[in-house]
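Please look over the sequence and the structure below before reading on. The briefing that follows goes from the whole chain to single residues.

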Amino acid sequence: MMSADELRTLSTGIRARNAKGGPPPGSPEVDTALVGRIEADVEEYRARFLVEPVPADPPEPLRELLPLMGWLIFEASLDRLWEVKAQFERLEGPDGETSREAAALIRRLANAGRALVWPEFASRLLGAIRAEALVESKRDTEAGYDAAYILHQEARERHSSYEGTLGGRLTLELDEVLMTLALAETGTACRTAERVIGRWDQDFRQEDPGLDEDQSQRWTQRLFKQLVDGIEIGAHAIADGTRIRDTLGLVDEVTETRLTLVTGLRNPTIMTCRAILLAYSMCPEMERLGRVPPAPAETWPDYQRQLLERFDKAFPTLLLPVLKPNGDVWPLNAEHSRALVQLCLHLGLVTPRHPLREPVRVDDELTLTVLDDDAVERMSAWLATEVDGRQRGDGNTIGTASKPDFIRSVEACRQDSGAAARYREWRIRWFELDRYAKDPGRRDRIDEILRGHDDEG
């Protein structure tokens, strides 16, 4: 059975593997041997310490070992997650083999976490169930998306159960774990919607128009439900993270007692805002299908107004200054800057002249105040610009949509006659912002979809 020092050393070593600059010499490998050791210890915990009647708290040495084992399971599953590529089940060659091996290890780690005794004292184990959900979503199949949703629900239910069992103890640990779960669940909802909406023309479209319409309506309602759930837990995570930052402060490195980094609010904010905008864009289609808006909204326009209020409340969190240990400001990295512009672009295309609460300076080239027609063009050009030989970014879902009902819903969001309201024309003008622009035949398929939508109008 691994000692506390061994568990601590393995966890910090695996965490260092994913730090900037690559794994340091001698850092532990997350392989079948290590996962086997974890499984063996979990079995030994049960065999040696689980007695009837089961005490409320674990005996020593488990009281010290369980949190560290939870941390090791968390770090090991996260380490392997980076190796799992999209559509990994269909990949051939080294990428496919590596992805499938990593996915298998993550599933074993999640099952080891499920088997832990007194799991509420090792709540970071939920990170492995979160990783398992993300693996399922990366299958990019309907069954995979279903499995991911179920696993996220399992992680959330287990988290709630742990809170109830602990009765107010380990609150900080549970709150920080919830932030990681929220990021994954909201991110999965966004990723599923982005994949279905963007790849409709290739992976989901039916040849029979009637079947295609039925398929589209089913996906619209399913994606919307997942996005609404993602918005709720994402907002919860931002609120918890903000409270922790304002009371205890966030940390510069993950340790056995702290989990949320000083930059830890950025990704949950991006994903929550992304989910809000996707749900906002689908409201006209949900209304067309005769669905009832989420309470307390009485009408779909009311719900859209509520979504904009939630966006305006969440978005400034992304802009809050973050300080490095030396006191310097930690700027947004390239990925976060790109996401910020994508969010503003999406909002500028579905709402006329939306004002930002404060000016947003992206870089020397781009500052945003009001998301009007001019801002939409400047953001489009910023994303399309080549930097170091590569295009800076795409337009994300708003620039990539090939699902006709989503396109129709986006256009229905705008009631003004500004240039940015002519979404179809913007798509044609900025085709290079399509994430799949270089796929064979993509331009022809998108032109056909946009022309068909124009004919309907």
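In which loop is Gln87 found? Gln87 is found in the loop between H3 and helix H4 (93-115), where helices (H or I, at least four residues) and strands (E, at least two) are DSSP runs, numbered from the N terminus. This is a predicted model, in which local features need pLDDT of at least 70 and side-chain atom pairs count only at pLDDT 80 or more, while totals for chains, interfaces and linings use all residues. Residues are numbered from 1 along each chain as its sequence is written, and side-chain values use heavy atoms, with hydrogens and water left out.

**The chain as a whole**

- The protein chain contains 18 helices and four strands.
- Its radius of gyration is 23 Å, close to the 23 Å that the globule rule gives for 457 residues, so the protein chain is as compact as a globular protein of that length; the radius is taken over C-alpha atoms, and the rule is 2.2 Å times the number of residues to the power 0.38.
- Residues 24 or more positions apart account for 72% of the contacts with a separation of 6 or more in the protein chain, a contact being heavy atoms within 4.5 Å.

**Surface and charge**

- The accessible surface of the protein chain comes to about 20200 Å², and 50% of it belongs to carbon and sulfur atoms; such areas come from the Shrake-Rupley method with a 1.4 Å probe, and for residues only the protein chains shown count as cover.
- The protein chain has 60 positive and 80 negative charges, and their mean positions are 1 Å apart; Lys and Arg count as positive and Asp and Glu as negative, while His and the chain ends are not counted, and the place of a charge is taken as NZ of Lys, CZ of Arg, CG of Asp or CD of Glu.

**Backbone details in the loops**

- A cis peptide bond, with omega about -10°, joins Glu52 and Pro53, and Pro53 has its place in the loop between helix H2 (32-49) and helix H3 (62-81).
- Ala295 and Pro296 are also joined by a cis peptide bond, with omega about 10°, and Pro296 lies in the loop between helix H10 (266-288) and helix H11 (300-314).
- Gln87 is a residue other than glycine with a positive phi, near 55°, and at 18% relative accessibility Gln87 counts as buried.
- Arg353, which is not a glycine, has a positive phi of about 55°; its place is in the loop between helix H13 (334-350) and strand S1 (354-361), and Arg353 is exposed, with a relative accessible area of 54%.

**The interior**

- The largest nonpolar core has 71 residues, and those with the most contacts inside it are Phe224, Leu227, Phe315, Leu368, Met379 and Trp426; a nonpolar core is a set of buried Ala, Val, Leu, Ile, Met, Phe, Trp, Tyr and Cys residues joined through side-chain atoms within 4.5 Å.
- The largest share of this core, 11 residues, comes from H10.
- Apart from this core lies another core, of 56 residues, among them Leu105, Ile129, Leu151 and Ala155.
- Leaving aside neighbours within four places in sequence, Trp426 is in contact with several residues, including Leu345, Leu349, Val376 and Leu433.
- Ser77 has its place in helix H3 and counts as buried, at 0% relative accessibility; not counting residues up to four places away in sequence, Ser77 touches Ile106, Leu109, Gly127, Ala128 and Ala131.

Notes: Buried < 20%, exposed > 50% of the residue type's maximum accessible area, 1.4 Å probe, protein only.
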